[in-house]
Amino acid sequence: MINSRKIEYSEVQKHNTKNDCWVIINDQIYDLTNQKKFHPVGESYINIFAGKDATWFFNLNPIHYKSEIRDILRGLKVGNLIRKEGQKIPDNKITIIPLLILIFIVLSYYFLFI
Ligand code: HEM
């Protein structure tokens with residue numbers, strides 16, 4: 001199968017910049033370096049997960065389950081994550097708390113004043 005290369009977490013972690021941005025989603029690894037520029041709500045959401053696991057945050061938003069998005073992701077896949085026994089791969093739930101607060105503030109502003 002194309003792009004089913006097995007990749008270790010340590011390799012994903014090296015691609016952790018804006019210009020070299022790999023992200024783990026559901027144990028698959030994607031190169032979002034170019035695609036993130038077209039992200040409708042901005043690339044910063046994706047940049048914070050460069051070289052990391054974004055599964056939890058990505059799956060929070062049902063819009064991401066659309067077939068168009070799955071098709072785009074299929075073309076950007078670099079490989080499958082190998083989980084070594086006992087290895088801990090952070091799920092980054094804490095990383096997104098400031099973002100959730102920001103979204104909450106923006107939504108509150110919207111409902112209160114607009
Ligand atoms: C690390 C990966 C990603 C993260 C963390 C992320 C995060 C987000 C967030 C926070 C939103 C806004 C949610 C809201 O307003 O309720 C969003 C919306 C969206 N994202 Fe992503 N995203 C990721 C990857 C992608 C990719 C790869 C695509 C497409 C190929 C995509 C397409 C969209 C679309 C179409 C929307 C809806 C925008 C709208 O409401 O009009 N996202 N994403």
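1. Asn 92 has a positive phi of about 60 degrees although it is not a glycine. Its place is the loop between strand E6 (77–82) and helix H5 (97–113); helices (H or I, at least four residues) and strands (E, at least two) are DSSP runs, numbered from the N terminus.

2. A word on the basis: this is a predicted model, where local features need pLDDT of at least 70, side-chain atom pairs count only at pLDDT 80 or more, and totals for chains, interfaces and linings use all residues. Residues are numbered from 1 along each chain as its sequence is written, and side-chain values use heavy atoms, with hydrogens and water left out.

3. Asp 27 also deserves a look, with a positive phi near 65 degrees in a residue other than glycine. It lies in the loop between strand E3 (20–25) and strand E4 (28–31), and Asp 27 is partly exposed, at a relative accessible area of 29%.

4. Now to the ligand. Around it are 17 residues, of which His 39, Val 41, Phe 57, Asn 61 and His 64 come nearest (near means a heavy atom within 4 Å). By class, this shell has 13 nonpolar, four polar and no charged residues (Ala, Val, Leu, Ile, Met, Phe, Trp, Tyr, Cys and Pro count as nonpolar, Asp, Glu, Lys and Arg as charged, and the others, Gly among them, as polar).

5. H4 gives the largest share of the shell around the ligand, three residues.

Methods. Buried < 20%, exposed > 50% of the residue type's maximum accessible area, 1.4 Å probe, protein only.
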